[in-house]
Structures are given as C-alpha cells and as structure tokens.
Amino acid sequence: RDEKNQSIIVSGESGAGKTVSAKYAMRFFATVGGSASETNIEAKVLASSPIMEAIGNAKTTRNDNSSRFGKYIQIGFDKRYHIIGANMRTYLLEKSRVVFQAEDERNYHIFYQLCASASLPEFKDLGLTCAEDFFYTSQGGDTSIDGVDDADDFEKTRHAFTLLGVKESHQTTIFRIIAAILHLGNLEIQAERDGDACSVSSEDEHLNNFCGLLGVEHSQMQHWLCHRKLVTTAETYVKNMSVQQVVNARTALAKHIYAQLFNWIVQHINKALHTTVKQHSFIGVLDIYGFETFEVNSFEQFCINYANEKLQQQFNSHVFKLEQEEYMKEGIPWTLIDFYDNQPCIDLIEAKLGILDLLDEECKVPKGTDQNWAQKLYDRHASSQHFQKPRMSNTSFIVLHFADKVEYQSEGFLEKNRDTVYEEQINILKASKYQMVADLFQDEKDAASATSMGKGTSKISVRSARPVIKAANKEHKKTVGHQFRNSLHLLMETLNATTPHYVRCIKPNDEKLPFKFDPKRAVQQLRACGVLETIRISAAGFPSRWSYHDFFNRYRVLMKKRDLSKNDKKQICQTLLEDLIKDPDKFQFGRTKIFFRAGQVAYLEKLRADKFRAATIMIQKTVRGWLQRVKYKRLRQAAVIIQRYTRGYLARRLAEHLRRTRAAIIFQKQYRMLRILRAFQRVRNATVTIQAFARGMFVRRIYHKV
C-alpha cells in the first residue's frame with residue numbers, strides 16, 4: 001500500500017520457533033500473492049524450505065531442528081502484487097558440524113535421511129549402511145529424533161529438488177557427494193615412524209568408495225591425504241604429515257566439500273526462483289540463527305551471537321533511537337524512555353583492534369596461536385565493560401551480550417577463521433570425471449559469483465571455504481570473520497533500506513517439552529530483546545506517522561470541497577482530523593508530519609474505505625442503470641423492427657388473400673352466369689320448340705276442322 005519494500009525480521013533464541021514462523025510468513029505471501037502466470041513460482045518458493053532445512057538444519061541440545069546458517073529470502077512482486085520470483089542469501093554455514101557433534105546432537109539432517117534410505121535400489125552403489133556406522137554421524141550418540149521419520153523427510157527433500165528443476169543426474173551426484181563425505185570420515189589412518197608419518201591402505205573400503213563416488217584418481221588421493229607440498233622460491237618439497245595433521249587435513253577437506261555443495265545448491269535454488277520480469281517491489285524474510293550458549297562455545301557461537309547483537313542494534317536503532325529522535329525533531333511533547341544500547345558490545349567485536357581485528361592479525365602471524373590471541377584480548381580489552389577474563393582459564397574469554405554473558409573457548413578460533421584446505425587435494429577433486437564435482441571446486445572468483453534476482457537486489461553472499469590461494473597470487477585471502485562482518489553490513493544496509501517488521505519468538509522452556517511454560521525464562525527473553533521497553537514506547541508513543549503531503553493525498557476523499565480549495569495543506573489536514581477524531585490526545589501535529597496513536601490510522605482507513613464503498617455503490621448503481629437502459633433501448637428497437645416486418649408480412653398476406661378472394665368471386669360469378677345462361681337457353685330453346693310444335697298442332701287441328 002505504501003509502495004515501499006518490506007522486511008520481516010524473525011528473531012529469538014535457538015529453538016524459539018524462528019524457522020517455523022518464517023515458513024508461515026512465506027506460505028502466507030505465496031497464498032495471497034500467487035503468481036499470475038503458470039510458472040507456479042509460489043510453490044517453488046515454498047519448496048526451497050525443505051531443501052535448506054535438510055542441508056542446513058541439525059539437532060542441537062536446544063532445538064531438534066536448529067538452523068545452522070542464516071538466510072534472507074527476498075520475495076519479488078510485480079506491479080499487481082503477484083509473486084514473480086525470489087532470491088536467497090545465506091550467512092555462515094556451521095561447517096564444523098559436518099565433522100564434529102557434541103553429546104546428544106546430530107550432523108545435518110541430509111546425512112541421516114540418506115542413510116535411512118540407503119536400502120533403496122537407486123542408492124545401492126553409495127555403499128551406505130545405518131548412521132551409527134559412520135564417524136561423522138554418530139559422535140553425538142543417538143542418531144534419531146523423536147517423532148521424525150528421516151526416510152519420509154528424504155522423500156520430501158527429493159520432491160522439492162524435482163519441483164525446483166534439479167535434474168535427476170544432479171540429484172544423484174549430490175547424494176554421491178554426501179555419501180563420499182561419510183566415507184571420508186571412516187578412513188583408517190595408520191601411523192608410521194612414531195606418528196611422524198602415516199598412510200591410508202589402498203585396500204581401505206571407505207577410500208575406494210570415496211574415490212569411486214567422487215570420480216577421482218585413487219592413488220593420487222591416497223598419496224595426498226598423507227602428504228603435503230611445500231613451495232619455496234628455489235624448489236618444491238613433498239612432506240609427510242603426522243597423524244594429527246592428516247586428521248586435520250581430512251576434517252578441512254570434508255568441511256570444504258560440504259560447504260561447496262551447500263553453495264552449489266543455494267545457487268541452483270536461486271536460478272530456479274530467478275525471473276526476467278522487472279521487479280516492482282520485494283518483501284524480505286530474515287530467518288537467522290538465534291542467540292545461543294552451550295557448554296563449549298567456539299567460533300561459530302561467537303559469529304552467531306555477533307549477528308544477533310547486530311540485529312538487536314538494528315531493532316534498537318529503529319524502535320528507540322530513531323523513534324525518540326524523531327519526536328524531538330518534530331517538536332512532539334515526549335519523555336525519554338531508557339533502553340539498553342548494545343553499541344559498546346558491537347564496538348568490542350568489530351571496531352578497530354576489536355576481537356575480530358585482533359583475530360585476523362593473529363591469523364597473519366606465521367606462528368600465531370589461539371593462546372597468544374587470547375592474551376592479546378586480555379591486554380587490550382581488560383578495561384571494557386563487556387569483556388571479562390575467566391578466573392580459572394587463560395584461553396577463554398567472556399563477552400557480555402545483550403541476552404546473556406557467554407564464555408568462549410579460544411581453541412580452534414584461528415583455524416576456523418583461516419579456513420584453509422590443501423591445494424593438492426582440491427586439484428584432485430577438480431580433475432574428477434564427474435562434471436558437477438569438478439565444477440564445485442572452480443576458482444574462488446567463479447564460486448563467489450551468483451545470480452541476482454532483479455533490479456535492486458544484491459548478489460548472493462554464500463560464505464564458504466575456499467581453496468588455498470596459489471603462491472603466485474599475492475592477494476591475501478579474506479578470513480571467515482572478515483567475510484562474515486562484510487555480509488552482515490550488507491544485510492544491515494538491505495534491512496535499513498526497507499520498512500522493517502519484527503517477529504519476536506519466545507522460547508517457553510529449555511527442555512524442548514510441549515505445554516510447559518517457564519515464566520522466568522520468558523521474562524528474561526522479553527527483557528533481553530527489548531520487548532518490554534517496546535511495549536512502553538508503543539503505549540506512550542505514536543507508532544503511525546504521515547507527512548502532510550502523503551496524508552493529504554491519501555485522505556483527500558474525506559475532505560470537503562470548500563476545504564480542498566485552500567492552498568495550505570497543513571491547515572486542511574488539521575481541520576479534517578479535528579472533525580473526524582474527537583479526542584485530541586489520539587494525534588499530534590509535528591513540523592513536517594502528523595503522528596497517530598495505535599489504531600487511529602486503521603480508523604481513518606475504515607472511514608476512507610466506507611467513503612470509497614459509498615462512491616463505488618453510486619458508480620455501480622449509475623453504471624448498472626445505464627447498462628440496463630442501453631439494453632432496454634436495444635431490445636425495444638429490435639422489437640419495433642420485428643413488429644414492422646411482421647405487420648408488413650401480415651398486410652401483404654391479407655392483400656394477397658383479398659386479391660385471390662376477389663378473383664375467385666369473379667371466376668364464380670362468370671361461371672355461374674354462363675351455367676345459368678346455358679341452362680336458360682336450353683330451357684328457352686326447348687320451350688320455343690314445344691311452343692312451335694304445339695302451335696303447329698293447334699293450327700293443323702283448326703285447319704282440319706275448317
């Protein structure tokens with residue numbers, strides 16, 4: 001109605017219901033704004049959900065279907081508000097989950113779905129058994145989720161792939177890659193020379209399956225899993241790797257393969273949802289990981305909570321700062337409401353020499369370690385009110401977030417931020433006999449490129465692992481933290497350019513139980529995300545506002561004709577509102593805008609709709625009357641013409657009848673006359689003859705007598 005792009009920001013803790021809420025919102029838009037053509041684009045938009053949940057959601061201790069990545073879906077509309085396409089951006093997939101799961105957690109759903117369907121004929125050559133048999137799917141213990149049928153969900157995922165136009169051959173390759181990752185995790189690494197060197201047996205069943213499924217050379221992969229190449233200015237060395245280095249390299253490779261596959265699927269979903277029709281406007285739905293804290297919090301939790309800090313800041317900025325500043329600027333009587341400003345916490349993370357800057361700096365140091373980085377944090381930020389050092393640890397640090405304080409273990413931060421993979425292994429995958437597998441590992445520039453949906457949309461920001469840059473390329477590879485910070489800034493720019501709407505999901509309890517409500521936890525979440533202050537500002541404030549020009553244009557139908565003749569629009573608006581809304585507390589006149597309390601714009605919209613309804617009825621009545629009159633005249637004219645032709649026909653028929661009747665009478669008269677004449681002549685002739693004979697007889701008789 002307002003001709004503006006909109007964003008729906010769904011936020012809350014992990015397990016509060018953000019993904020389901022986002023699905024409901026998308027289902028609503030798909031139902032209300034169904035595509036005008038036969039492209040069935042709204043069904044495709046909805047079909048993206050089961051795919052993204054399968055490859056990007058997993059069971060955690062807080063949530064059985066936790067989103068381990070963030071996504072922002074822009075649904076594009078044409079001028080008639082029909083869906084014409086969509087575009088999805090994803091943020092920071094939690095790749096470490098592919099190779100490690102904490103107690104009572106699972107890997108991504110797609111691994112378990114594929115294992116549950118391994119007995120199907122088309123999957124016989126994948127070499128899969130049950131999920132308990134694979135290291136990458138069994139570390140968390142229980143591989144099933146109560147009330148979830150993985151095999152049934154896999155059928156839904158395959159159906160969604162088909163609906164989005166992913167070819168059967170591509171689907172097969174996707175499942176081959178996922179199965180290959182599981183086999184990679186089961187490789188048996190045999191230590192040699194006291195662990196300084198190691199090897200993988202050429203007879204290893206899982207290595208054979210891995211190479212066969214990905215279509216790569218067996219001997220090459222066997223060699224480069226346990227060796228690495230060192231390039232110097234003079235020559236190139238091939239160096240043995242220790243068992244731990246091989247395990248780390250294997251882990252990095254598995255994460256990289258999965259991240260590239262995730263990237264490929266997102267690009268193909270965007271291709272399926274892409275449109276060539278010009279986009280008039282869009283509604284964005286942001287479903288991003290919620291604030292979370294576990295027993296062990298690492299780099300992923302840090303990035304997730306950093307993203308939530310940014311979203312909370314955007315909410316604060318929109319609801320509190322901008323709101324209250326606007327009241328002051330417009331001269332509206334207002335008492336300032338205090339709210340929690342989390343800008344200092346964000347500065348701690350992303351400002352110059354903040355946590356991320358120091359992390360990137362340590363990554364550039366040749367022998368940088370997690371402990372050195374933690375020490376730099378203590379030295380630099382000890383005085384910050386949002387940073388603390390734990391008493392019992394020299395490798396952990398505490399950040400006081402808006403929702404809660406979280407202790408992060410520094411171990412693994414540098415490795416996850418660098419996100420390096422050995423180039424030799426990537427080159428083997430690039431040489432795969434399967435085109436799709438080779439395409440996954442193309443150059444960084446090609447992998448980063450993606451389709452955008454239309455005018456005004458930005459490129460897909462899929463943040464995933466990249467191959468190590470070759471020695472000749474001197475450009476420094478951007479770290480994961482740097483990429484994530486940039487993608488968050490891009491997201492904030494998009495959100496700030498739209499009209500935001502907020503859905504706050506509140507988690508009723510921490511036990512994942514139905515029908516159990518913990519009031520203290522609910523209040524804690526309401527306080528943390530600023531809902532209580534929002535209620536206060538909404539109750540005391542003026543949530544709706546119109547510039548005088550826009551108000552005049554929208555509600556001029558409610559104005560009297562004599563008022564419209566005046567030139568001062570501000571005065572016209574004031575006169576109208578004083579007539580329509582009797583309570584002067586329900587609105588305020590600012591310098592450039594009119595401010596309304598909650599519900600007043602809806603009341604004005606009702607009056608406007610009633611006015612339009614009355615005008616519509618009048619127009620309908622007049623048009624229907626005119627149409628009936630036109631129809632009557634047409635029928636009357638047709639009736640007159642039919643009558644004229646009928647009367648002419650009847651008159652002609654009567655004249656013909658009269659003419660025939662007269663002719664018949666004349667015929668009858670002449671015939672009767674002739675018949676009578678002939679009869680008369682016959683009688684007369686007979687009489688004359690009789691008379692002649694009689695007279696002759698009498699004369700002869702007299703003659704004889706005489």
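**View 1. Ser544 of β15 has Phe596 as its bridge partner in β17, within an open sheet of three strands whose order is β15-β17-β16 and whose pairing is antiparallel.** The model is a predicted one, in which local features need pLDDT of at least 70 and side-chain atom pairs count only at pLDDT 80 or more, whereas totals for chains, interfaces and linings use all residues. Residues are numbered from 1 along each chain as its sequence is written, and side-chain values use heavy atoms, with hydrogens and water left out. Helices (DSSP runs of H or I, at least four residues) and strands (runs of E, at least two) are numbered from the N terminus, and two strands are said to pair if DSSP finds at least two bridges between them. The edges of this sheet are formed by β15 (544–547) and β16 (587–589), each of which pairs on one side only. From one strand to the next the twist averages 20°, where angles run from 0 to 180 degrees between N-to-C directions and axes are lines fitted to C-alpha atoms, for helices over the stretch in contact.

**View 2. Strand β17 and its bridges to β15 and β16.** Between β15 and β17 (residues 593–596), which run antiparallel, there are four bridges, and Arg545 has Phe595 as its partner in β17. On the β16 side, three bridges join the antiparallel strands β16 and β17, with Phe587 partnered by Phe596. A hairpin of three connecting residues leads from β16 to β17.

View 3. Strand β12 (residues 396–400) runs antiparallel to β11 and is joined to it by two bridges, and Gln388 has Ile398 of β12 as its bridge partner.

**View 4. The crossing of helices α10 and α11.** The axes of α10 (residues 299–330) and α11 (residues 343–350) come within 10 Å and cross at roughly 140°. The two helices are therefore oblique to each other, on a scale where angles under 35 degrees count as roughly parallel, over 145 as roughly antiparallel, 65 to 115 as roughly perpendicular and the rest as oblique. The crossing is left-handed, that is, the near helix is turned anticlockwise from the far one by less than a right angle. Phe302, Tyr306, Glu309, Lys310 and Gln313 of α10 make the contact with Gln343, Cys345, Ile346, Ile349 and Glu350 of α11.

**View 5. Helices α6 and α9.** The axes of α6 (residues 168–185) and α9 (residues 243–273) cross at roughly 165° and come within 10 Å, and the helices are therefore roughly antiparallel to each other. Their crossing is left-handed. Residues of α6 including His170, Ile174 and Leu184 meet residues of α9 including Arg250, Tyr258 and Trp264.

Methods:
Contact = heavy atoms within 4.5 Å.
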